[in-house]
Amino acid sequence: MLDGQSPWSQHLAQNLALIFLSLCFLPLDTIVLVASYLFGWLLPPRPSRQHVTRAPGFQAKTILVTGVGMSKGLALARMFYRAGHTVIGADFEPYGVPVNGRFSRSLKRFYRLSKLNPHDGSAYYIQDLLNVIRREKVDLWVSCSGVASAVNDGQAKEVIERRSDCKAIQFDVKTTATLHEKHSFIQRTIDLGLPAPETYDVTTRTAVHHVLHKAPKKQYIMKSVGVDDAMRGGIRLPRRSVSETYNHLSRVPISKEKPWVLQQYIQGEEYCTHALVVRGEVKAFVACPSLELLMHYEALPSTSSLSKAMLRFTEEFARRSGDEMTGHLSFDFMVEETSTEKGLQKSLFPIECNPRAHTAVVLFHTMSEEMSASYMQALPAKADINVNGHAANGHSSNIVMPHKPGKYYWVGHDLVALMFYPAFQVLRRRLSMSAFLSGCYEFLVHLFFWEDGTFEAWDPLPWWWLYHVYWPGQFLASILEKRKWSRVNVSTTKMFVC
């Protein structure tokens with residue numbers, strides 16, 4: 001994997017290789033695109049949307065979904081569309097390259113939003129949202145923030161609900177800012193009386209060494225406060241020796257202007273969750289195994305003890321936070337196993353919070369009506385509806401959880417990560433043939449038995465556009481700007497600049 005120290009020639013080769021790969025698969029993917037439209041024209045349409053809209057008492061709402069260039073935003077837009085609602089899409093379009101979500105059949109219209117910038121802040125962005133909401137008479141705004149725009153969406157929520165009748169699935173500024181940063185989230189968790197790992201704010205190397213010396217047998221993970229793609233994985237401390245720890249820390253920029261968080265390192269498996277919270281109540285929930293860069297999604301059974309424990313934590317966090325809490329709430333958990341006299345004991349520790357929609361929302365793919373009804377509970381009582389017996393008036397205590405969910409991957413990511421990059425490593429004699437064949441087998445299993453997180457046979461253009469216009473456009477922009485990057489997240493369209 002390349003980093004900021006890698007020569008520009010290698011980054012250039014990386015971008016050109018990926019553009020070439022896109023061109024190689026263009027004929028095949030175009031055949032899949034045309035075949036999908038052809039089969040959709042020949043076969044009778046799926047009755048779900050028509051069935052819902054004709055149901056007695058159904059009232060279609062106009063829903064604005066921002067972030068439709070990401071898989072999570074596109075997935076929600078499609079769910080609302082299948083549930084019979086009118087969906088408006090909006091998103092940023094970096095470097096003028098159209099995002100794939102703008103071409104989805106689920107959208108009635110798409111709007112490009114003004115880019116956030118240090119000079120004007122979020123003023124133009126919020127005004128764009130207000131203009132769309134007024135023009136389209138939007139009833140509900142569902143925010144699917146990226147990491148960098150979460151707090152800006154909190155500002156937008158306050159303005160929108162103050163100046164229009166539109167309701168927002170988005171936390172306010174204070175809540176978003178508190179949950180967005182690891183140190184303030186942990187403090188909030190402790191204040192609510194919930195368990196949390198040992199955590200310290202550090203602004204000097206001396207403070208880091210003080211913590212390490214106080215508990216020499218403990219392990220810690222240190223992460224930068226704020227968005228730092230180069231340090232996303234964090235730093236494990238202490239190192240193998242005291243001198244190595246001092247030398248390593250001497251190269252890390254730590255100051256009051258660039259603070260860090262030092263958190264107890266928990267050895268165990270990592271999990272993530274996605275929840276919809278409306279007025280302090282959890283309305284939808286899913287949990288799944290996690291990684292630092294998660295590109296494969298498989299839901300935990302809702303009956304599993306781990307899933308139940310994470311749901312209980314989420315419910316308690318939302319309930320204790322008060323009735324004003326409405327938005328998407330996602331947690332990262334570590335599960336530590338310890339041996340006791342009674343046997344193996346598992347302890348659950350929340351390590352991070354993402355106050356925004358999580359890509360794990362794709363796991364609700366088959367539950368459009370139930371999910372839609374859950375979101376409608378954010379609307380005033382006079383706007384309540386009932387869809388096929390699913391209460392949407394805020395009085396239902398049922399929590400929507402995926403029923404027999406599929407397993408999701410992104411074919412573009414797996415093609416490179418499991419096939420082409422390992423093949424390159426084999427040629428360089430840095431990877432064994434058995435490891436390469438294992439990756440090929442995993443890719444074939446995903447291709448034939450899993451579901452792609454972007455592709456839909458009735459709505460194939462976003463999938464085709466993602467791999468043959470959007471990403472090649474981003475790689476070309478990187479070449480023109482000589483921008484170095486280490487990784488890309490296909491599902492969130494995030495490029496990790498280094």
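By salt bridge I mean a side-chain nitrogen of Lys or Arg within 4 Å of a carboxyl oxygen of Asp or Glu. Glu298 sits in the loop between strand 11 (281–289) and helix 10 (305–321), and Lys407 in the loop between strand 15 (390–391) and strand 16 (408–409), so the pair ties together parts 109 residues apart in sequence. Helices (H or I, at least four residues) and strands (E, at least two) are DSSP runs, numbered from the N terminus.

Some ground rules. This is a predicted model: local features need pLDDT of at least 70, side-chain atom pairs count only at pLDDT 80 or more, and totals for chains, interfaces and linings use all residues. Residues are numbered from 1 along each chain as its sequence is written, and side-chain values use heavy atoms, leaving out hydrogens and water.

How many salt bridges are there? The structure holds 17. One of them joins Glu136 and Arg109, at 2.6 Å, N to O. Glu136 is in helix 4 (residues 123–136) and Arg109 in strand 3 (residues 109–112), 27 residues apart. Glu136 is buried at 10% relative accessibility (buried is under 20% relative accessible area, exposed over 50%, partly exposed in between, with a 1.4 Å probe and protein chains only). Arg109 is partly exposed, at 37%. Glu93, Arg102 and Arg112 are linked in a salt-bridge network.

Now disulfides, meaning cysteine sulfur pairs within 2.5 Å. The count is zero. The sulfur of Cys166 is 14 Å from the closest cysteine sulfur, in Cys144, too far for a bond.
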